[in-house]
Amino acid sequence: MNQATITVDAGAASSHKVNPFLFGHFVEDIRDHMDAMLAFVLKDMDFEEEAAANGVSAGWYPLTEGKNTLYALEPAAPKHSGHSQKIRILSADKCRGGIAQMVSVKGGMTYRIRLIARAAIELKTLACELADSRTGEQLASAEIALDSHNWKTYSFELHVPKSAEQAEFRLMISSEDTQWRDSTGSGMLWIDHVSMLPADSAGIVKREVVEMTLALKPGMMRLAGNYISAYHFEHAIGPELERPNMVNEAWGGWTNKYFGTDEFLQFCRDTQTEPLICVNAGTGTPEEAAAWLEYCNGDADTVYGAMRVRNGHPAPYGVKYWEIGNEIYGEWQHGHCTAEEFGHRYNRFAAAMKQVDPDIVLLACGDCNPEWNRTLLGIAAEHMDMLTLHIYHGGGSAGINPETAKEIRYRAMTSYPEATRAIIGKTAELLRGNPDYAHVKLAMTEYNTMYFPNTIRKGLPNEHTLEAAVANAANFNEHIRQSDLVEIGSFSDLVNGWLGGCIRVGDSYADQYRGKKPGWSGRSQTVYGTPTYHVMELYANRPIAYVAPVKTECGTYFWEIGSRQLNLAPQELPVIDATACLDETKRILTVFAVNRGLEPVETELRAEEFGAAGEATVWEVTGSDYEAINSVFDPELITAQEKRISWDGAAPRLAMNPHSVYVIELKR
């Protein structure tokens, strides 16, 4: 077996502390992120989709026993957007008619239904039903008395005794038991909104998502992404049904109006995370950014603070961290501009926001390109606290394509920390080369593996594999090593959405180009973590405060691709990537070690100047195949396993499997 030695100098720990925000996460209105994260069972709740030829909003379908049931989309209720769905049933037909959609429901769950409707006076009742579409068995039903010709909110519950993956949710009216004259305004029902939430949801977020996020101990939660450069916060505050339906200009489809500022900040409270909000510096203005800040932090006697109070949130949120601009350097971004233009734009935003709250921490949109950063720092450094970097390793930095042989691809992906080190190194040269920039720290507000073009290989997203977890773990080690400069990390994404979402919901993987891939596994409500999720949970839950120097003696592997983008030549790299930290008391030593190689390694761990003896706790994330992936069929194929190894006070030995991640905790 190959041999290695990891030597930790526990007596030379860093003077700086590792920021707990280093293992933060990121939410964005992108593809199926919000659909997967939120607990709403029904889609197209506001009938915003255009009608098909049958007159029914595209998220629904008609359901009728008659020959003359009529459907049309009409204007929404007052102050609402989208459409209302009109259903007209003729008395002469003597039938039931309505609309339906397919849903998945859990057995033993109570679902809360909210319906906004108005009805012609002949219609006295509306039936809401859930039935198993495969067996025809009725699972739950409720009869709602329609007692207003004007718009009215109806709230009721359905208790579902058994699970059904393909249940049919129906809203039905009838002309079977009553008689009316089929005149101009008879037999009509208009539905403006219908929603369905499980009783165990955390507000509007899936309970499982909140619980799994809490387990990650993220420290910080970022609200940002490409969509933010065309996002206006006032569209998603106040009564949710009065919020406009807006096209998501970055990713297509509709923006999610239900998860606005107040809902995001409630999610941060529920997950015990510090919020980081990125303002719209693309199509937005400094005045709008200042208003958003005032809405979050202003007192009740301010214009936007008073608006927050009216919306039911009397106490200021006290949001401290604000990011100005998301990837403004990119041509794909709304408001794309040059570094010089952005520097001056940033200063205008910073001045307006600091006038509202001078105590906030401001992050400026940086780039992996040092020339952008050089220009930006020269113009705006005195007004920024942090510079952001986004690092997606794979297609761009390593030049991987679908034809890349799997072992070459694997070695390129596990070179992730070398790519990160090169990018940080160039940025650090700028910051440390000018005393006027000494106060500026770095924030990795987006990072992940990216195997361009993603899902081509066997239809599975590489970002969810053990291979990706090994690459990400080595990159976490680099973030720890650079933690004197890097204070914030935001893993991209938290739930589904972009391919790397570490919490996965359902049976469809998000595809980079076309949204969710079709398919029904029968396990659409399964919520699970990717291998990277389990690695992040391990790292973030360790009591780390100070970084201890590490020396590694081990074999090497050849990174034959290198990185043209980063000017990194093909080179030999150590198979073991390791770092170490001490806790606040300096009585707990944690070693993070990744075997990037494809062979097992017996590793001796030397903890100099740490002393004591006993047992060490070891957590291992491993598998027989580096392409192994957790899925709805086997959601815990790759997880962290805990074990003990003896420690004689000098050199515990650890057998490290190939392509595996280890966290070793020693106490004295």
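The model is a predicted one.

| Strand | Residues | Sense of pairing with β12 | Bridges | A bridge pair |
|---|---|---|---|---|
| β5 | 83–88 | antiparallel | four | Gln85 with Ile191 |
| β7 | 109–119 | antiparallel | nine | Leu115 with Val194 |

Take β5 first. Strand β5 runs antiparallel to β12 in a pairing of four bridges. Within that pairing, Gln85 has Ile191 of β12 as its bridge partner. Now β7. Its pairing with β12 is also antiparallel, and nine bridges make it up. Leu115 is bridged to Val194 of β12.

Next, a pair of helices. Helix α3 covers residues 261–270 and helix α4 covers residues 286–297. Their axes come within 11 Å of each other. They cross at roughly 50 degrees, which makes α3 oblique to α4. The α3 and α4 crossing is right-handed.

Which residues of α3 and α4 make the contact? From α3 come Thr261, Asp262 and Leu265. From α4 come Trp292, Tyr295 and Cys296. By class, the contact residues of α3 and α4 comprise four nonpolar, one polar and one charged.

Methods:
Residues numbered from 1 in each chain as written. Predicted model: local features only at pLDDT ≥ 70, side-chain atom pairs only at ≥ 80, totals over all residues. Heavy atoms only, no water. Axes fitted to C-alpha atoms, helices over the stretch in contact; angles between N-to-C directions. Helix = DSSP H or I, 4+ residues; strand = E, 2+ residues; numbered from the N terminus. Parallel < 35°, antiparallel > 145°, perpendicular 65-115°, else oblique. Left-handed = near helix turned anticlockwise from the far one by under 90°. Contact = heavy atoms within 4.5 Å. Nonpolar A, V, L, I, M, F, W, Y, C, P; charged D, E, K, R; others polar. Pairing = 2+ DSSP bridges.
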